[in-house]
Amino acid sequence: MTVPGSLLIKGGMVYDHDGDVHRPARADIRVEQGRIAEIGPNLVASPGAETIDAAGHLVMPGLINAHYHSHDVLCRGLFEELPLEMWLLYTLPMGGNRSKEEVRARTLVGALECLRAGITCVQDMLGLVPFAEDYVDTVLEAYRDAGIRTVFSPMVSDIPALGMVRNKEALPPAVQEMIGNKALPIDLQLDFLAAQIGRYPAGDRLHWAVAPFAPQRATPKLLEGCAALAEKHDLGIYTHVYETRGQALIARELFSAFGGSFIDYMAACGLLGPRLNIVHSVWISRAEMDRMAAADAGIVLNHLSNMKLKSGIAPVVDLRESGVRLGLGCDNCSGSDVQNMFQAMKLFCLFAAVSEPEPGPGLAHEALRHATLGNARTARLGQELGAIRPGYRADLVLIDMADIGWLPFNSAARQLVYTETGRGVDTVIVEGRVVIRERKCTTIDEAALRREVEGLMRHFSADYAAVVESRKAALPHMREAHARVWSTPLDLQRFIPRTR
Ligand SMILES: [Zn+2]
């Protein structure tokens with residue numbers, strides 16, 4: 001009889017953020033009741049524990065995807081690279097008002113993609129449409145069945161989606177309506193969230209967070225309500241900030257009472273502090289980074305979607321120098337096409353070259369830290385997740401070093417970040433439970449899911465074709481809104497050249 005959540009993982013090379021990140025030492029890991037109990041040589045399995053032979057494997061902390069939206073997983077591969085203003089026309093309708101069968105299937109597909117890529121925890125900033133309990137049930141049951149850890153945060157906003165577009169008044173009324181010019185009442189949304197947290201208390205593999213969509217889509221009253229909810233339940237807060245150049249212009253033009261800064265606006269609403277994580281920050285100023293760092297607020301970078309949606313490159317070197325807390329995410333499948341933290345880590349390191357032509361500083365082990373411990377901190381789980389340490393939750397990934405990407409083996413940190421694609425992910429453990437074993441999912445019938453999604457796609461594809469047709473007249477207006485953003489001057493110095 002095996003005891004659930006008890007394992008002995010024998011003979012792997014165990015990645016330690018604080019040890020030799022290039023040549024990690026071999027050790028056994030004893031897991032009891034879903035937590036790491038002991039790490040060391042020649043450990044003995046406790047009665048009922050399953051033994052996993054990790055010889056020839058690198059054991060790393062499970063990767064955490066700190067920014068993701070499960071609502072448009074089925075959109076992957078639908079778009080070429082497309083500016084955000086135009087992308088909104090298509091992705092917004094395809095994420096909402098879908099059948100519960102489709103919602104379950106898309107949640108499972110995203111969860112399995114994450115797990116297969118060594119992501120043991122995903123932060124789902126869900127666009128929940130409709131705002132209804134049975135849809136929450138559907139999503140959380142799918143996550144439970146997949147066995148992935150989830151930081152769940154349905155998004156709230158009391159300013160309509162149109163608030164994402166600069167100079168929205170210039171759009172014809174029909175286009176304004178298409179983007180979205182209605183929002184739900186504040187109390188309805190916050191009371192609903194509080195009720196869901198009560199119905200599904202955090203614990204085991206479920207965690208909650210609060211997600212006001214973006215400062216330009218939230219009145220002070222909503223942000224104050226979000227801050228209070230997060231305080232009451234000790235939750236992290238995630239919100240989209242400075243994703244595009246247009247959003248920086250919106251800050252300058254509509255938030256002049258707050259110095260033209262979203263950071264100042266959020267500070268005035270009580271949001272700026274260790275709970276806050278702003279997502280993207282492509283167009284943040286150095287002074288704002290410093291302010292974030294001083295408040296121990298965090299920034300979650302999403303280079304994959306920022307490039308796909310033509311938003312630009314977040315200034316990696318400036319962010320690093322400011323000392324601000326950093327995390328990494330993969331963002332929507334409609335805007336990045338993939339849930340793969342190996343790609344996110346690699347881009348983080350490579351984009352440093354945009355402002356740093358000199359060698360170094362050696363970012364691979366930092367990227368690994370951001371994708372694990374840094375991302376755990378965004379959800380206020382930094383003492384429980386993101387490292388292989390006694391007392392931490394046993395979310396672990398075994399990388400098969402027989403994969404060609406590990407021949408020859410020169411550095412664990414560098415090859416994880418620059419070489420590994422996810423192909424070497426062999427075994428994935430969440431809370432002491434093996435959910436991927438020898439590359440096969442133990443929790444969900446992948447073949448059945450494939451058949452189901454193929455059936456669902458008949459409706460989905462027909463609906464998408466209808467959306468494309470209905471957006472034809474609006475497209476030139478959004479293209480023009482995008483062009484105006486780029487022809488308007490913006491007072492922002494980015495990619496500050498190094499001085500030596
Ligand atoms: Zn997002």
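Ring pairs join Tyr242, Phe255, Phe258, Phe262 and Tyr265 into a cluster; rings of Phe, Tyr and Trp (its six-membered ring) count as paired if their centres lie within 6.5 Å, with planes under 30 degrees apart taken as stacked, over 60 as edge-to-face and the rest as tilted. The model is predicted, with local features needing pLDDT of at least 70, side-chain atom pairs counting only at pLDDT 80 or more, and totals for chains, interfaces and linings using all residues. Residues are numbered from 1 along each chain as its sequence is written, and side-chain values use heavy atoms, with hydrogens and water left out.

By the ring rule, the count comes to ten aromatic pairs. Phe255 and Phe262 form an edge-to-face pair, 5.2 Å centre to centre and with 70° between the planes. The pair of Phe258 and Tyr265 is also edge-to-face, because the ring centres are 5.0 Å apart and the planes stand at 65°. Buried here means under 20% relative accessible area, exposed over 50%, and partly exposed in between (1.4 Å probe, protein chains only). Phe255 has 10% relative accessibility and so counts as buried, and Phe262 is buried at 0%. Tyr265 is buried with a relative accessible area of 3%, whereas Phe258, at 27%, counts as partly exposed.

The zinc ion is coordinated by NE2 of His67, NE2 of His69 and NE2 of His240, at 2.0 to 2.1 Å. Donors are N, O and S atoms within 2.8 Å of the metal (3.2 Å for Na, K and Ca); water is not among the atoms, so sites may look incomplete. Along the chain the zinc donors follow the spacing H-x1-H-x170-H. Both His67 and His69 are buried.

The largest pocket holds about 990 Å³ of space. Its lining comprises 41 residues, of which Leu92, Gly127, Val129, Ala161 and Arg217 are the closest to the centre. A pocket is an open set of points on a 1 Å grid over the protein atoms alone, where a 1.4 Å probe fits, with protein on both sides within 12 Å along at least five of seven lines; lining residues have an atom within 4 Å of a point. Helix 1 (84–95) supplies at least two lining residues, as do strand 9 (155–156) and helix 4 (173–179); helices (H or I, at least four residues) and strands (E, at least two) are DSSP runs, numbered from the N terminus. The largest share of the lining, seven residues, comes from helix 1.

Notes
Points joined across faces, edges and corners; volume = space filled by probe spheres on them.
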